[in-house]
Amino acid sequence: MIPLSHYLILSATLFAIGAAGVFLRKNLITILLSVEIMLNAVNLTFVAFGRYAGDLDGQIITFFVMTVAAAEAAVGLALVIALFRHRESLNPDAFTSLKW
Amino acid sequence: MPETVTFYLFAALAVGASLLVIGQRNPMYSVLLLIASFGALSGLYIQLEAPFVAVAQIIIYAGAIMVLFLFVVMLLNAPKEDAAEWDRTHPLRQPGVARWGTLLAALLIVQLAMALMAVGEYNNPVGAQSDPATVNSVADMGRTLFTRHTFAFEATSILILVAMVGAVVLARREGDQ
């Protein structure tokens, strides 16, 4: 049997990988993918705790997180398309019009 | 014993694929590798007695969201990242900073793992406290979703409607009426 702590460590590792991706990558699409990795890491925590507590709510919140992730991906990708049309670039450094 | 083997197999697959996702220059490969990572996570959900979440993970994440990402990557025909310029100028890519940062990050992970292992309660096997039947029933999940969480469920439908309208408005070409 796997201890709960192993699931938590795996989830923390995945979250850290996602966070590193957001900070280190220079491509809007890869940044959105890293956000998806982070959301999935949190989902794993919810399901593991739900199984540990014998409670269904962990799975239900995961269901809601997936729905929000789908909405986020749709809006985020629409923003990426709009930005790409504007500057012909996916590099976040190209969008500095609001920088003081 | 086979449970332990599959856990570490799926965990290694998920971590390895996620690392490669952020290590790729080509977003196309990143998207495909992320699908592999989601597949491994879905295997872990099955091990956690959550069949509904496992199937939803494959259908919604790997099936719908990642296909949307693939469409956008192909549609934009996006150039690969300008690696050389970025490697030269980024403050985190200086050799000293990178070495220290990696060392500190590794230390943080080890400490976090030790702290989690030190909490006695968390060392209990994840399935020992409760009967699998309390969590793996899709019928029970539907019942809870439509009784205790009805409001959140209905609010989600409005969220999806707003996201749909927002995506259409944002992606429209300027000047189109």
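At what angle do H1(A) and helix H5 of chain B pack, and how far apart are their axes? The legends below take up this pair and several other views of a predicted model.

**View 1. H1(A) packs against H5(B).**
The two helices, H1(A) and H5(B) (residues 95–118), meet at an angle of about 155 degrees, and their axes are 9 Å apart. Angles over 145 degrees count as roughly antiparallel, so H1(A) is roughly antiparallel to H5(B). The crossing of H1(A) past H5(B) is right-handed. On the H1(A) side, look for A:Ser5, A:Leu8, A:Ile9, A:Ala12, A:Thr13 and A:Ala16; they meet B:Ile109, B:Leu112, B:Ala113, B:Leu116 and B:Met117 of H5(B). Sorted by class, this contact has 9 nonpolar, 2 polar and no charged residues.

**View 2. H1(A) also meets H1(B).**
Here the axes of H1(A) and H1(B) (residues 2–23) come within 9 Å and cross at roughly 5 degrees. That angle makes H1(A) roughly parallel to H1(B). From H1(A) come A:Leu10, A:Thr13, A:Leu14, A:Ile17, A:Ala20, A:Gly21 and A:Leu24, which meet B:Ala11, B:Ala14, B:Val15, B:Ser18, B:Leu19, B:Val21 and B:Ile22 in H1(B). The residues of this contact divide into 11 nonpolar, 3 polar and no charged.

**View 3. The largest nonpolar core draws on chains A and B.**
This core has 56 residues, and A:Ile29, A:Ala48 and B:Phe69 have the most contacts inside it. Two or more residues each come from H1, H2 and H3 of chain A, and from H1, H2 (27–47), H3 (51–76) and H7 (150–171) of chain B. H2(A) gives the most, with 12 residues. As general background, nonpolar side chains tend to be buried together in soluble globular proteins.

Chain B comes to 7 helices and 0 strands, and buried residues make up 21% of its 177 residues. Among chain B contacts between residues at least 6 apart in sequence, 51% join residues at least 24 apart. Is B:Glu49, in this view, buried or exposed? It has 23 C-beta neighbours inside 10 Å, so B:Glu49 counts as buried. B:Glu49 is found in the loop between H2 and H3 of chain B, and its phi is positive, about 60 degrees, although it is not a glycine.

**View 4. B:Ser130 in the loop between H5 and H6 of chain B.**
The loop that holds B:Ser130 lies between H5 and H6 (138–147) of chain B. With 16 other C-beta atoms within 10 Å, B:Ser130 is partly exposed. Leaving aside residues up to four places away in sequence, B:Ser130 touches A:Gly54 and B:Val135.

Key
Residues are numbered from 1 along each chain as its sequence is written. Chains are lettered from A and ligands numbered from 1 in the order in which they are written. This is a predicted model: local features need pLDDT of at least 70, side-chain atom pairs count only at pLDDT 80 or more; totals for chains, interfaces and linings use all residues. Axes are lines fitted to C-alpha atoms, for helices over the stretch in contact, and angles run from 0 to 180 degrees between N-to-C directions. Helices (H or I, at least four residues) and strands (E, at least two) are DSSP runs, numbered from the N terminus. Angles under 35 degrees count as roughly parallel, over 145 as roughly antiparallel, 65 to 115 as roughly perpendicular and the rest as oblique. Two residues are in contact if their C-beta atoms, placed from the backbone, lie within 7 Å. Ala, Val, Leu, Ile, Met, Phe, Trp, Tyr, Cys and Pro count as nonpolar, Asp, Glu, Lys and Arg as charged, and the others, Gly among them, as polar. A crossing is left-handed if the near helix is turned anticlockwise from the far one by less than a right angle, and right-handed if clockwise. A nonpolar core is a set of buried Ala, Val, Leu, Ile, Met, Phe, Trp, Tyr and Cys residues joined through C-beta atoms within 7 Å. A residue is buried if 20 or more other C-beta atoms lie within 10 Å of its own, exposed if 12 or fewer, and partly exposed in between; C-beta atoms are placed from the backbone.
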